[in-house]
Amino acid sequence: MKLVCMNCGHQFEGDNTKFCSQSCRDSYIMNIEKRVRESVKNDSSHTKELSRDS
């Protein structure tokens, strides 16, 4: 069955995987982590909620 890599979009043979290679998987994860950091860097509320003593 032909699958499409979530990172680069290339078709590849496989079963039950979402990436054509380990490097594509790592790149995808690093990209998501970067986008999360950028989206919360100016948002002080998420750190206040995490650091608040209950």
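This is a predicted model: local features need pLDDT of at least 70, side-chain atom pairs count only at pLDDT 80 or more; totals for chains, interfaces and linings use all residues.
**View 1. R25 and C5.** Along the sequence, 20 residues separate R25 from C5. In space, their C-alpha atoms are 8.9 Å apart.

**View 2. The aromatic pair F19 and Y28.** One aromatic pair is present in the structure. F19 and Y28 make up this pair, with ring centres 5.2 Å apart and an angle of 55° between the planes. Those two quantities, the distance of the centres and the angle of the planes, are how a pair of aromatic rings is described. The pair is tilted, because edge-to-face requires an angle over 60 degrees and stacked requires one under 30. Y28 has a relative accessibility of 24% and so counts as partly exposed.

**View 3. The chain around these sites.** Two helices and two strands are assigned to the chain, and their order along the sequence is β-β-α-α. The chain has 54 residues, of which 9% count as buried. Its accessible surface is about 4800 Å², and carbon and sulfur atoms contribute 50% of that area. Among contacts in the chain with a separation of 6 or more, 0% come from residues 24 or more positions apart.

How values were computed:
Residues are numbered from 1 along each chain as its sequence is written. Side-chain values use heavy atoms; hydrogens and water are left out. Helices (H or I, at least four residues) and strands (E, at least two) are DSSP runs, numbered from the N terminus. Buried means under 20% relative accessible area, exposed over 50%, partly exposed in between (1.4 Å probe, protein chains only). Contact means heavy atoms within 4.5 Å. Accessible areas come from the Shrake-Rupley method with a 1.4 Å probe; for residues, only the protein chains shown count as cover. Rings of Phe, Tyr and Trp (its six-membered ring) pair if their centres lie within 6.5 Å; planes under 30 degrees apart count as stacked, over 60 as edge-to-face and the rest as tilted.
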